[in-house]
Amino acid sequence: MEPLRALEEAYNRFSSDPLFKKELARWLESFAGRPTPLYLAANLSRHAEGAKIYLKREDLLHGGAHKINNTLGQALLAKKMGKRRIIAETGAGQHGVATAIACAALRLKAEIFMGSEDMGRQRLNVYRMKALGAQVHPVESGSKTLKDAINEALRDWVTNVEDTYYLLGSVVGPHPYPTMVRDFQSVIGREARRQILRQEGKLPKAVVACVGGGSNSIGIFHDFLNDLEVKLYGVEAGGHDMSPGKHAAPLVAGREGVLHGMMTYVLQDAEGQIESTQSISAGLDYPAVGPEHSYLMSVGRTKYVTQTDSEAVDAFKQLSQLEGIMPALEPAHAISYATKLAKTFRREDSIIVNLSGRGDKDVEMIARQFPQ
Amino acid sequence: MGHDPDPKAFVANVTSLVEGGADILEVGIPFSDPVADGPVIQAAGTRALSAGATPQKIFDTIGELSLQFTVPVVILTYYNPILAMGIEKFMRNASDNGVNGIVVPDLPLEEGDRFRELALKHNIDSIYLAAPNTSAKRLVSIVDKSKGFLYLVSLYGVTGPRDALSSQALETVKRVKSLANGRIPVSAGFGISQPEHISSLLRAGADGAIVGSALVRTVAEHLNDPEEAPNHLKKTITALKQASKQRGC
C-alpha cells in the first residue's frame with residue numbers, strides 16, 4: 001500500500017504542475033508525433049454503405065501504437081520521483097516497446113516481463129525491445145500471457161520497491177494506475193473531439209475502440225462521456241467462440257471479481273479461479289478489464305460487444321486493401337464492428353474508430369496462419 | 001497448501017507437522033494467480049488445483065482434521081475465491097469446520113470493512129499483513145484491526161525460502177513489536193526456512209515464526225514417493241520447533 005500511496009501523491013503533485021504538463025506536451029509533440037490525424041476512410045465508408053468512418057490514427061505514433069502516450073507520461077513521473085529502474089509487463093509487446101523507447105529517451109533502465117507464449121507470437125517486438133536497450137524477462141508461469149506477465153511484474157515490484165518504478169501499460173491494477181493511465185491516454189479523445197467538430201461541424205454518432213485492458217478505449221471515450229448523444233462501443237476479443245477459455249471478453253461474458261488489485265469484471269469459473277483466455281491478438285488476451293469500463297457499463301454509458309478472430313483478420317485485410325492502412329489485430333476488432341455499425345446510420349453521419357496501433361507486428365503471424 | 005499434491009497425502013503431511021510440534025497450521029486455499037507468492041507456493045497451488053481442489057473440499061478436510069487435533073488452523077487465500085463463494089458463506093463454512101483465522105494478502109485493510117465484520121460475526125480472526133515499509137500510521141490501524149496475530153512480512157518480496165534473513169527482518173520485528181505494544185502477538189513470515197532464522201526472530205521479540213515454502217518444497221521434492229514426505233516434514237518441523245525454544249540464549 002505504501003508504494004501506491006507514494007505514487008498517488010507524486011502523481012497528484014506533478015499532474016497539476018504546469019511545468020510537468022508542458023514538458024510532457026513537448027515530448028508528445030516533438031518526439032511521439034502528436035497530434036495524430038483524424039482520417040476519413042472514404043473507401044471503407046463507401047464499402048460499408050453507411051456513416052462516414054473516421055480513423056483516429058494512433059498507429060502513426062512513434063513506436064506504432066497509442067502506448068507511448070502513457071509510457072512517456074509515467075517515465076517522466078518516475079524520473080521526477082527519483083526512480084532509475086523501470087519495470088513493465090507487455091502482452092503484444094507494444095507496451096514493452098513503448099516503455100523501452102521512453103526509457104531510452106529519458107535515460108532510464110527498462111526491464112520488461114513478457115509471457116513466453118506471447119514472445120513466440122510477437123517475436124518482432126521482442127527484437128525491438130532488445131534493440132532499444134531493454135532487458136526482456138520471459139514469464140513461464142500460468143498461461144504464459146499478459147496476466148502472468150503482470151503477476152511477475154507485481155512480484156518484482158514488491159521485491160525491489162525502493163529503487164523501482166512499475167510502469168503499468170493499461171487502465172488496470174490498483175489505484176492510482178487506472179486513473180493515471182486514463183489521464184495520459186485521454187489526449188486521444190481530446191484531439192479527436194476537436195478534430196471531428198472541425199471536419200464535420202458536429203459530433204459523431206458513435207465512437208468505437210477495442211478493449212483489452214481498456215486504455216485506448218478509455219482514452220478516446222473520455223472526452224465524449226458528457227456528450228450523451230454519442231454512443232460509445234468497446235469491442236472485446238471474441239476469440240474462437242464464446243465458450244469458456246476460447247475468448248477474452250470479460251465485460252460481455254465475465255462477472256464481478258478481484259484480480260491484480262482491482263474490482264472489475266473478470267473471466268472466472270464458479271470457484272473464482274481465473275479462466276484462461278484466447279485471442280489472435282495478444283494485446284486483448286486478458287481475463288479482466290479496467291474498472292472504469294465496468295463502471296461505465298453498469299451505468300449504461302458504454303456498450304460492449306465482441307468480434308471473433310476471423311472477423312478481425314478479415315478487417316485487417318479489408319483496411320489494408322481498401323485504405324492502404326494495415327491495422328494491428330487489436331483495433332482490427334474495432335474496425336470490423338464499425339463497418340457493421342456504420343450501416344445503421346445515415347451517410348451524412350459519422351463514426352470514429354480508434355486505430356490504436358499499426359499491424360506490422362502481426363504480419364508474420366497472419367502470413368503463417370493464412371498463407372494464401 | 002490444501003490438498004497438495006492430493007487430499008490423502010495432504011492429510012498425512014499435516015498430521016506429521018502437528019506431531020512434530022507445529023503450534024498453528026496455515027492452510028492455503030489455492031488461487032490461480034497468487035501474486036504474493038513465489039514459485040514454490042505457486043506451483044503447489046497449481047498442483048492442488050489440477051488435483052481438483054476447491055475451497056469447499058478443503059474446508060471439509062479441515063473439518064475432519066479439527067476432530068483429531070486441537071491446533072488452531074489459519075486459512076491463507078486470495079480475495080476472489082472468497083467473493084466467488086460469497087463472503088458470508090465462506091466465513092460460515094470456515095467457522096463450521098473449525099478454522100480460527102484467515103489471511104488474505106490481496107485484501108488491504110482499507111477495503112475490508114465488510115469482510116472484517118463478517119469474520120467477527122463468525123468468530124474468525126482476520127489477520128493483516130505489515131511489511132517493512134508500512135508506515136507508522138497504517139501500522140497503528142493494522143494493530144487495531146488485526147485479530148489473532150499480526151502477520152509481519154519480514155522482507156521486500158514474495159514468499160519463498162531464502163538462505164539468510166533479510167536485512168530488514170529484525171529491525172522490522174522490533175519496530176512493529178514496539179508499536180503493537182503487547183496488544184497483539186506478532187508473527188514473522190516470508191523467506192523463513194532455517195532454525196537459526198527462527199531463533200534470531202524470536203530474540204528480536206517476535207512471538208512466532210511462519211514457515212511455508214520450506215515445508216511446501218519438501219512436499220514438492222517427494223511427488224514421486226509421497227509416503228516419504230511426512231518423515232522429512234516431521235524432521236524439519238522438529239528442528240524448527242527446537243530452535244524456538246532456545247530464545248533465551
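Predicted model: local features only at pLDDT ≥ 70, side-chain atom pairs only at ≥ 80, totals over all residues.
**Entry 1: chain A as a whole**

I began with the secondary structure of chain A. I found 16 helices and twelve strands there. Next I looked up the extent of its C-alpha trace. Along the principal axes, chain A spans about 55 × 45 × 40 Å. Then I checked the radius of gyration.

**Entry 2: a sheet in chain A**

I asked myself in what order the strands of the open sheet in chain A stand. The order is β5-β4-β3-β6, and the pairing is parallel. That makes an open sheet of four strands. I then looked for the edges. They are β5, residues 135–139, and β6, residues 164–166, of chain A. Each has a single partner strand, so one side of each has no neighbour in the sheet. I noted the twist too: it averages 25° from one strand to the next.

I zoomed in on one pair in this sheet. Strand β3 of chain A covers residues 85–90. It pairs with β6(A) in the parallel sense, over three bridges. I picked out one facing pair here: A:Ile87 stands opposite A:Tyr166 of β6(A).

**Entry 3: a hairpin in chain A**

I moved on to β9(A) and β10(A). Strand β10 of chain A is made of residues 262–266. It runs antiparallel to β9(A), and five bridges join the two. In this pair A:Glu256 stands opposite A:Tyr265 of β10(A). How many residues lie between the strands of this hairpin? I found two. I also looked up the backbone at the hairpin. A:His260 takes a positive phi there, near 55°.

**Entry 4: where the chains touch**

Here I wanted to see how chain A meets chain B. I found 21 residues of chain A in contact with 22 residues of chain B. Which elements of chain A give two or more residues to this side? They are α8, residues 146–159, and β9, residues 255–259. The largest share comes from α8(A), with six residues. I then sorted the chain A side by class. It has eight nonpolar, nine polar and four charged residues.

**Entry 5: chain B as a whole**

I turned to chain B. Its secondary structure comes to eleven helices and eight strands. The radius of gyration is 17 Å, close to the 18 Å that the globule rule gives for 249 residues, so chain B is as compact as a globular protein of that length. Its C-alpha trace spans about 45 × 40 × 30 Å along the principal axes.

**Entry 6: a sheet in chain B**

I looked up an open sheet in chain B next. It has four strands in the order β1-β2-β3-β4, with parallel pairing. The edge strands are β1, residues 25–28, and β4, residues 125–127. Each of them pairs on one side only. The twist averages 25° from one strand to the next.

Within this sheet I followed β2(B) and β3(B). Strand β2 covers residues 73–76, and strand β3 covers residues 101–103. They run parallel and are joined by three bridges. B:Val74 stands opposite B:Gly101 of β3(B).

**Entry 7: two helix pairs in chain B**

I took α9(B), residues 195–203, and α11(B), residues 229–245, as my opening pair. They pack at an angle of about 25°, with axes 8 Å apart. Angles under 35 degrees count as roughly parallel, so that is what α9(B) and α11(B) are. Their crossing is right-handed. On the α9(B) side the contact includes B:Ile198 and B:Leu202, and on the α11(B) side it includes B:Leu240 and B:Ala243. By class, this contact has six nonpolar, three polar and one charged residues.

The other pair was α2(B), residues 39–50, and α10(B), residues 213–221. Their angle is about 50°, and their axes are 9 Å apart. That makes α2(B) oblique to α10(B). The crossing is left-handed. Among the contact residues are B:Val40 and B:Ile41 of α2(B), and B:Val216 and B:Arg217 of α10(B). By class I noted seven nonpolar, one polar and one charged residues.

Conventions
Residues numbered from 1 in each chain as written. Chains lettered and ligands numbered in written order. Pairing = 2+ DSSP bridges. Axes fitted to C-alpha atoms, helices over the stretch in contact; angles between N-to-C directions. Parallel < 35°, antiparallel > 145°, perpendicular 65-115°, else oblique. Left-handed = near helix turned anticlockwise from the far one by under 90°. Contact = placed C-beta atoms within 7 Å. Nonpolar A, V, L, I, M, F, W, Y, C, P; charged D, E, K, R; others polar. Rg over C-alpha atoms; globule rule 2.2 N^0.38 Å.
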